[in-house]
Structure formats: structure tokens, C-alpha cells
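Hi everyone, thanks for making time.

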Amino acid sequence: MPGRGLPLPLLLLAALCPPAPARQNPASIAVVGGGIGGAATAYFLRRRFGPAVRLQLMEKAAPGGRLATEQLHGQAYEAGGSVIHPLNLHMKHFVQQLGLSVAPAQGSLLGIYNGEDFVFEESSWYLINLLKLLWHYGLNPLRMYMWVEDILDKFMRIYRYQTHDYAFSSNERLLHALGGDSFTLLLNQSIDEAMQRAGFSHKFINEVVCPAMRVNYGQGVNINGFVGAVSLAGVDSGLWSVKGGNKLVCSGLLSASKAEVIHGTVLSIEPKVRPGPTGDPVKLYQVTYNTGSEVTGDTYDMVFIAAPLGPDLANISFKNFEPPIRQLPNLYHQTITTLVHGRLNTSFFGYPEPATFPFGVILTMDNPNLFFNSVGKVSPVGAASREAELPSQLAVWKVFSKEVLTKEQLNLLFSSYDSLKVKQWLAYPEYRPPEKCPPILLHDHIYYVSGIERAASAMEMSSIAAKNAALLGYHRWHGNGHRIDQEGLHEKLKTEL
Ligand SMILES: Cc1cc2nc3c(=O)[nH]c(=O)nc-3n(C[C@H](O)[C@H](O)[C@H](O)COP(=O)(O)OP(=O)(O)OC[C@H]3O[C@@H](n4cnc5c(N)ncnc54)[C@H](O)[C@@H]3O)c2cc1C
Ligand SMILES: *[C@@H]1O[C@H](CO)[C@@H](O)[C@H](O)[C@H]1NC(C)=O
Ligand SMILES: *[C@@H]1O[C@H](CO)[C@@H](O)[C@H](O)[C@H]1NC(C)=O
Ligand SMILES: *[C@@H]1O[C@H](CO)[C@@H](O)[C@H](O)[C@H]1NC(C)=O
């Protein structure tokens, strides 16, 4: 046993000094995808592996991925991922490190529409809202707040684990390390089931929880309990976004990582064996990509895939693996973002007099006759939040819907409009509990970052998965098994610092 017989101070010293690396760092690493997941992976890989490793990142479109802005009337608006929770510590850290600024989310009055009437109308008076909530839903809102808080508390453990360099080899293990069986159980149930079991009323679930799922994930209360809870946390106060656009975090992380960004679509990955400098065979991965002008590629020691796999998604084929790595049949949900500069048709919502219409955000209950999930007034990404408080009628509105809105539908929803932008997304997984997350480890040194989205899709989830994958890759490369899949970390780290 090493260290035996050493005097205690030396023993302690030995325990504090990390052992010499068991082997050399990898020479070159590929990252597929330049969204927040890929950009954060590159950033964390650089921090872990240092300046010498060659880091290349392939992106088929523009860096940012599902973080993107659209121009309307000379101003840019978030068309994809838009709000960030105040306790999303990785996103916060990135913004600080990169010297970016934060724009607080705008506050405007919220109405919940069932297709005929508003079942809940927010008032600008705090006390009135409190009384209204009590009147309509009893203690359900307060209990929901506590229920979500409890989940969030456990979720926050991830930052501690990651600060202490611990990694997990599967998404389920990661979630289990945070909240035990209660977390993995959330993946097995719908948010509807989970909240019913916790004693919430049908009325509350349908009128408050469901509209939150519809605006955040385009789906109803049949989505899994974990993503449901993430979605409810998104109803918290203190939400923010990045001034100038959230995608600035991606470009910022990419330059901070000093990764070489290659504009190309990765087509396939194949294992290769080459004789190394000492004559021993070295295992590598051949990554083939299409730059538009040519199909080319290179070999890498490690590959990180930070784009959703699936035939209609990243569509990467894994060639000559034994056992084979199959395509994931990952179903993604279509959501259409429509940005409209115009006047809302308040008659449509039962307010014939536009000036009396109080709402800046309209969420909806599940109703097959409704052709949209939500409508909300938005500010440009560069603006101070006050600008959202302009007279409510002429504004830029963001509509989320399952299908592209027809002319007729737009004419119903808006009494007039002069310009619009439509963005079609395969936005997030189509959630169907019981949910099983895809593996992180696809092969010895191929890591899949995006699988965590099956539990919940959000910028912070991709960032957490990115750090986990970078740590996992590092520890597996250097044989640091004691940093992987440790049980009882929460208790252990309580006493450690
Ligand atoms: C409308 C909408 C609203 C949302 N709202 C929020 C929100 O308010 N808050 C929040 O936290 N999250 C929100 N999300 C979710 C959030 O945007 C995503 O979870 C997050 O951006 C995913 O980042 P990612 O890097 O994992 O994936 P992506 O952003 O999809 O990045 C993957 C990248 O890989 C590239 N790529 C794919 N295949 C290949 C290939 N074969 N070769 C090379 N490159 C490839 C793609 O072009 C893309 O840039 C929203 C999403 C949508 C669509
Ligand atoms: C969730 O369901 C899977 C099967 O789908 C099962 O193996 C697992 O034990 C369940 N987890 C919990 C916590 O109930
Ligand atoms: C996916 O890639 C294969 C080749 O690897 C190609 O034949 C197929 O058309 C692609 N699918 C889509 C939807 O682009
Ligand atoms: C507005 O909504 C009302 C009620 O749904 C509808 O009759 C009308 O055609 C809509 N459009 C305009 C421009 O008022």
C-alpha cells in the first residue's frame, strides 16, 4: 500500500497532491456541435486538458444552435432559448467570465386563457394576486413553490460535485446522485401523476401547471415529472437573459476555449487503429465531415457529441463499431416561434376595447381548438426591460405554436401587423414517461453530451452535461476511477469542506 510508514504530515501531503498523470494527455479532441452544449464542452475540456491539446469543433450551421436571434424592425429578438433561472450557476459563471451583461426578464401581466375565457387574470397589485390565488387554488400555489424549491435544492448539489471534480458515467446516475430514487422516479412519471400523488388539485394542475408546460415545452402535463419541475422553476422571479442575445455565450465560450471551429456537417465516426510512436497500437476515431465544398476528416483521440442524435437530427452514422452503435430514435417536438410586429386583436380574447386589455403574456390551457400555446410581448435583446411597458397594442409579440400559423390564424390573433419572422424548431424532446436517458458513453472515448435532454432540455442542463462529459473524459483517460460514479457524495462532501 503506498504511503504506509510515512509520518502523518507527509501522508496528508501525499493525499493532497494529485498523483502524476498516469499517461499523456490526448493529442487531439473533436467536439460536434457549437450550441451551448458543445461550446461549454470545449470550454471545460480546455480547462481540464490544458493549452497543448488540439481542440476542433464542427458546427454545421451557426454557433449558438437553439440559441438564436431573429431581426424584426431593425432589432434582434430571441427566437429560441430565451430565459435563464437565477440559480443556473454555470450560465451565470459563463456570463461573468466572458464579461457579458445580464438583462432582467421583463414583467408584464399574465392571463391564462382556456380558449373562451381567462381563468386567471394577474393584477398589478400583489395583494390582489395573493387573494385571487388563494380564492382559486387554496394552498396549491404555496405548496407548489415548496415542492419545486425542494427539487431545486437537491438539483443544486450538482455544482458542488462538479466543483470537486466528480463525474457520472450515465445521466441516470447523475440524477440519482442529486435526488436519489425520488429524482429517477420523476422520470418514470408524468408531471400530472407526480403532482397528483403529491396532493395537488386537478384544477390547479390544469389551469396553472399545464399552461407553464405548454409555454416552455410545447406539450401538456403528460411530460415527465423532472422536466415538469424544471419548467415550473421557470415560473420563478428573477429570470434573466444575456444582453445582446444568449448566443453570445456560445461564441464567447468558443473563443475562450481556443477551439478551432470548422464549418462542416459531421457525417460519420469510425474507429481506427494506428501504430503509435512506441510501436504499440493507438486507438483513434476517424471523424468525417462535409464542409460544403468537400467531404474530408481527421482522426482524434476523443470525440464529444453535443448535438441531438437521430436520423432527422445530427444524423451521424457510426461505422464499423463492434458491437454496433445504433442510431438513436430520438423524437423531437416541433415548436414554431412567430415574431409579429403588430396589434393584438383583443376582441379575440373577449376585450372589444383594446385599451382595456391588460395582459402582456397569455398562456393557454390544453384545448384542441387553440392553434397556439402562448403569446407574449417581447423586448429586443439589447434593450432595457422598461421598453416592454410601451402601450400594449403595437408591439413585438412572440407566439409559440405546434404548426406554422396560417394567414387566417394570424388575422384572428392580430388586428393588424406589418412584419413577421417564423422560425421552425425541432425544439426539445417529445417527452413520454417512463423516460430512459441515452448513454453518455457511446464507446471507449466517445461521449454523448445531449442525452441529458431526455430528462429536461434547458441551457443549464446542456452546460451541466458538458462539464460532466469533460470531467468524465478526463478521468477515464487518466484512470481516475475514484472520481467517477461515487456513491453518497452529498454526505461525503458535507464533511470535506
Ligand atoms: C423555442 C425554444 C425555446 C426555448 N426556451 C428555453 C428557455 O427559455 N430557457 C432554456 O434554458 N432553454 C430553452 N430552450 C431549450 C434550449 O434552447 C436548449 O436546451 C439548448 O439551447 C440546447 O443546446 P445544445 O447545445 O445542447 O443543442 P443545440 O443548440 O441544438 O446545438 C447543437 C448544434 O449542433 C449542430 N449540429 C447538429 N448536427 C450536426 C452535425 N452532424 N455536424 C455538425 N454540427 C451539427 C447544430 O447546428 C447546433 O448548432 C428552448 C428551446 C427552444 C427551441
Ligand atoms: C423507473 O422505471 C424503470 C423501468 O422503466 C425501472 O427499471 C426503474 O427501477 C424505475 N425507477 C424508479 C425509481 O422507480
Ligand atoms: C442521414 O444520413 C444518411 C447517410 O449517412 C443519408 O442517406 C440520409 O439521407 C440522411 N438523412 C437525413 C434525414 O438527412
Ligand atoms: C378579431 O377577433 C374577432 C373575434 O374572434 C373576429 O371576429 C375578428 O375577425 C378578428 N379580427 C379582426 C381584425 O378584428
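**Salt bridges, ligands and a surface patch**

Let's start with the salt bridges: the count comes to 11. Before I pick out a few of them, please keep in mind that what you see is a predicted model.

One of the salt bridges pairs the side chains of Arg48 and Asp165, with N and O 2.5 Å apart. Where do Arg48 and Asp165 sit in the chain? Arg48 is in helix H2, residues 36–49, while Asp165 is in the loop between H6 and H7, so we're looking at two distant parts of the chain, 117 residues apart. Arg48 counts as partly exposed, because its relative accessibility is 25%.

Next, Asp298 and Arg54. Their side chains form a salt bridge as well, at 3.2 Å from N to O. Asp298 belongs to strand S12 (residues 295–300) and Arg54 to strand S2 (residues 54–59), so this pair ties together parts that are 244 residues apart in sequence. Are these two residues buried or partly exposed? Asp298 is partly exposed, at 26% relative accessible area, and Arg54 is partly exposed too, at 31%.

For a pair within one helix, look at Glu491 and Lys494. The closest N and O atoms of this salt bridge are 3.6 Å apart. Both residues are in helix H14 (residues 489–496), and because they are three residues apart there, about one helical turn separates them. Lys494 is partly exposed, with a relative accessible area of 47%.

Okay, on to the ligands. I'll take ligand 2 to begin with. Which residues surround ligand 2? They are Asp181, Thr184, Leu185 and Asn188. By class, that shell has one nonpolar, two polar and one charged residues. A polar side-chain atom of Asn188 comes to 2.3 Å from an oxygen atom of ligand 2. On its own, ligand 2 exposes 370 Å², and the protein buries 38% of that.

While we're talking about helix H7, let me point out Leu178, which lies in it. Leu178 is buried, because its relative accessible area is 0% and the cut-off for buried is under 20%.

Now ligand 3. Around it you'll find Pro311, Asp312 and Asn315. A polar side-chain atom of Asn315 lies 2.4 Å from an oxygen atom of this ligand. How much of ligand 3 does the protein cover? It covers 30% of the 370 Å² of accessible area that ligand 3 has on its own.

You'll find Asn315 in the loop between strand S13 (302–305) and S14. Its phi is positive, about 50 degrees, although Asn315 is not a glycine. Asn315 is also partly exposed, at 42% relative accessible area.

Then there's ligand 4. The residues around it are Asn345, Ser347, Phe348, Asn411, Leu412 and Ser415. Asn345 puts a polar side-chain atom 2.4 Å from an oxygen atom of ligand 4. From Asn411, a backbone N or O atom is 3.3 Å from a nitrogen atom of ligand 4. The protein covers 48% of the 360 Å² of accessible area that ligand 4 has on its own. Sorted by class, this shell has two nonpolar, four polar and no charged residues.

Two backbone details in loops, quickly. The peptide bond from Glu322 to Pro323 is cis, with omega near 0 degrees, and Pro323 is in the loop between strand S14 (317–318) and strand S15 (332–344). Another cis peptide bond joins Pro433 and Pro434, with omega about 0 degrees. Pro434 is in the loop between strand S19 (414–429) and strand S20 (441–443).

Last stop: the surface. There is a nonpolar patch of about 990 Å², and the residues making it include Tyr126, Leu131, Leu142 and Met146. Helix H4 (126–137) and helix H5 (140–155) are the elements giving two or more residues to it. Which helix gives the largest share? That's H4, with five residues. Leu131 is in helix H4, and at 54% relative accessibility it counts as exposed, because the cut-off is over 50%.

Technical notes:
Residues are numbered from 1 along each chain as its sequence is written. Chains are lettered from A and ligands numbered from 1 in the order in which they are written. This is a predicted model: local features need pLDDT of at least 70, side-chain atom pairs count only at pLDDT 80 or more; totals for chains, interfaces and linings use all residues. Side-chain values use heavy atoms; hydrogens and water are left out. Patches are made of residues with over 30% relative accessible area and no salt bridge: like charges are joined within 9 Å, nonpolar side chains (Val, Leu, Ile, Met, Phe, Trp, Tyr) within 5 Å. Accessible areas come from the Shrake-Rupley method with a 1.4 Å probe; for residues, only the protein chains shown count as cover. A salt bridge is a side-chain nitrogen of Lys or Arg within 4 Å of a carboxyl oxygen of Asp or Glu. Helices (H or I, at least four residues) and strands (E, at least two) are DSSP runs, numbered from the N terminus. Buried means under 20% relative accessible area, exposed over 50%, partly exposed in between (1.4 Å probe, protein chains only). A residue is near a molecule or strand if one of its heavy atoms lies within 4 Å of it. A polar contact is a pair of N or O atoms within 3.5 Å; within protein, one must be able to donate a hydrogen and the other to accept it, and residues adjacent in sequence count only if both atoms are side-chain atoms. Ala, Val, Leu, Ile, Met, Phe, Trp, Tyr, Cys and Pro count as nonpolar, Asp, Glu, Lys and Arg as charged, and the others, Gly among them, as polar.
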